[in-house]
Amino acid sequence: MKSNKLNSVLITVIVILIVTFAAVLLLNGNEDGEEKKIVQVENTIPVETMKADNSSLVITREYLGVMKPMPMQEISVNELRTVEKVYVKTGMEVKEGDPLIKFKEDNEDDELLDDFFDQLDKKEDAYDEKEDAWDEYDAADEDDEDFETLKSDYDKAVREYDSEKKEYDRLKEECAEYFIFCDVDGYVADVKAAPRQYAYPNQTLIAIGSGEKTITIGVYANEVKHVEKGKDASIFTDESKFDGSILYVNELPNPETNTYETTVVYNSEGNDFAAGELATVSLALEEKSGIWIPFSVILNDGQDYVYVVNNSTALKRYLHIQAVSENMALVEGLSAGEMIVSGGMNKLSAGAVVSTVSKTE
């Protein structure tokens with residue numbers, strides 16, 4: 001019995017020693033193995049990185065301006081004329097090319113005038129048909145059985161209107177001496193002219209307003225060469241964004257601000273923007289190439305900087321921002337191919353050991 005007990009004790013002791021030895025091996029490993037790995041992972045900071053690369057973007061610039069109504073178009077003559085007929089009344093909507101006033105002339109070409117008025121009626125009828133066809137086409141769904149038919153009808157109405165308007169414009173040129181025509185789409189704000197009365201030089205006969213408003217901004221001298229009449233503009237208020245275009249660029253700078261006053265025009269139809277409301281105008285100026293990075297990766301301690309990863313170490317790199325395009329910055333101080341910290345940089349300090357958890361090329 002003693003021998004059996006002794007054997008059992010020996011076996012138990014041997015098992016305990018084996019288990020203990022195995023546990024020590026698992027926990028400690030060897031000097032250059034697992035233990036070193038565990039310590040290294042515990043002391044690193046996980047970050048996301050992106051690769052700096054050369055690219056080209058259009059530089060945009062934002063300017064603050066004040067909204068105001070488009071100035072009225074005041075219609076007058078340069079010489080004494082006799083008004084024969086006025087075709088508009090205050091409050092009427094008018095379209096570009098509509099006759100506003102006819103003057104009395106000696107030796108009128110009655111046949112030409114008859115042709116002109118006949119063509120005016122044809123143009124107006126074609127315009128109405130085009131608008132009706134558009135309303136039906138616009139209200140239809142692409143799944144509707146007659147969608148393609150409505151589209152075809154609208155395209156046909158557009159062609160017919162264009163044809164009638166072309167002939168009208170031809171006759172309008174021939175009749176130019178008899179009439180004053182409207183230059184813009186809008187409404188009649190005021191009528192001073194009356195039949196059988198004289199129209200004196202520089203006297204306002206009719207005032208035309210429009211649904212358009214303007215914003216005046218100041219463009220810096222080094223940027224004005226990229227700004228010209230007709231250039232597209234994006235306009236922002238606190239709640240909306242809409243499109244406009246440059247109407248006019250002053251040739252001389254404002255002596256007080258040393259900027260070039262630039263008028264941007266936009267159509268405010270359907271928008272309740274009050275005169276005097278502030279708005280931001282964004283203009284695309286020129287395309288530039290270099291290292292473009294998101295503003296979100298740039299930090300500032302009095303100077304702009306980013307963290308660059310080199311051999312698993314975060315290095316602070318100071319930058320100079322050369323240009324801006326929306327949420328991107330063109331920077332000096334980085335080289336193509338360098339890895340920039342794009343996530344987790346707020347936890348870093350210069351010299352920190354990092355591990356990359358995700359990478360953006």
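Colleague: What are the ground rules here?
Modeller: This is a predicted model, so local features need pLDDT of at least 70, side-chain atom pairs count only at pLDDT 80 or more, and totals for chains, interfaces and linings use all residues. Residues are numbered from 1 along each chain as its sequence is written, and side-chain values use heavy atoms, with hydrogens and water left out.

Colleague: How many helices and strands does the protein have?
Modeller: Four helices and 22 strands. Both are DSSP runs, numbered from the N terminus: helices are H or I with at least four residues, strands are E with at least two.

Colleague: Why is V265 called buried?
Modeller: Buried means under 20% relative accessible area; exposed is over 50%, and partly exposed lies in between (1.4 Å probe, protein chains only). V265 has 8%, so V265 is buried. The residue sits in strand β14.

Colleague: And what makes T214 buried?
Modeller: Its relative accessibility is 2%, so T214 counts as buried. T214 belongs to strand β11. Across the protein, 34% of the 361 residues count as buried.

Colleague: Which residues does V265 contact?
Modeller: Contact means heavy atoms within 4.5 Å. Leaving aside neighbours within four places in sequence, V265 contacts M70, E212, K213, T214, G244, S245 and L247. E212 is 53 residues away along the chain, yet the C-alpha atoms of V265 and E212 are separated by 6.6 Å.

Colleague: What share of the contacts joins residues 24 or more positions apart?
Modeller: 74% of the contacts in the protein with a separation of 6 or more.

Colleague: What makes a set of residues a nonpolar core?
Modeller: The members must be buried Ala, Val, Leu, Ile, Met, Phe, Trp, Tyr or Cys, joined through side-chain atoms within 4.5 Å. The largest such core has 19 residues, and I215, I217, I235, V281 and L283 touch the most other members. Elements giving two or more residues include β2 (54-69), β11 (212-220) and β15 (278-294). β15 gives the largest share, four residues. A second, separate core of 17 residues includes V86, I101, I180 and C182.

Colleague: How many lining residues of the second largest pocket are nonpolar, polar or charged?
Modeller: Six are nonpolar, none polar and four charged. Ala, Val, Leu, Ile, Met, Phe, Trp, Tyr, Cys and Pro count as nonpolar, Asp, Glu, Lys and Arg as charged, and the others, Gly among them, as polar. The lining includes Y87, M92, K95 and L120. A pocket is an open set of points on a 1 Å grid where a 1.4 Å probe fits, with protein on both sides within 12 Å along at least five of seven lines; lining residues have an atom within 4 Å of a point.
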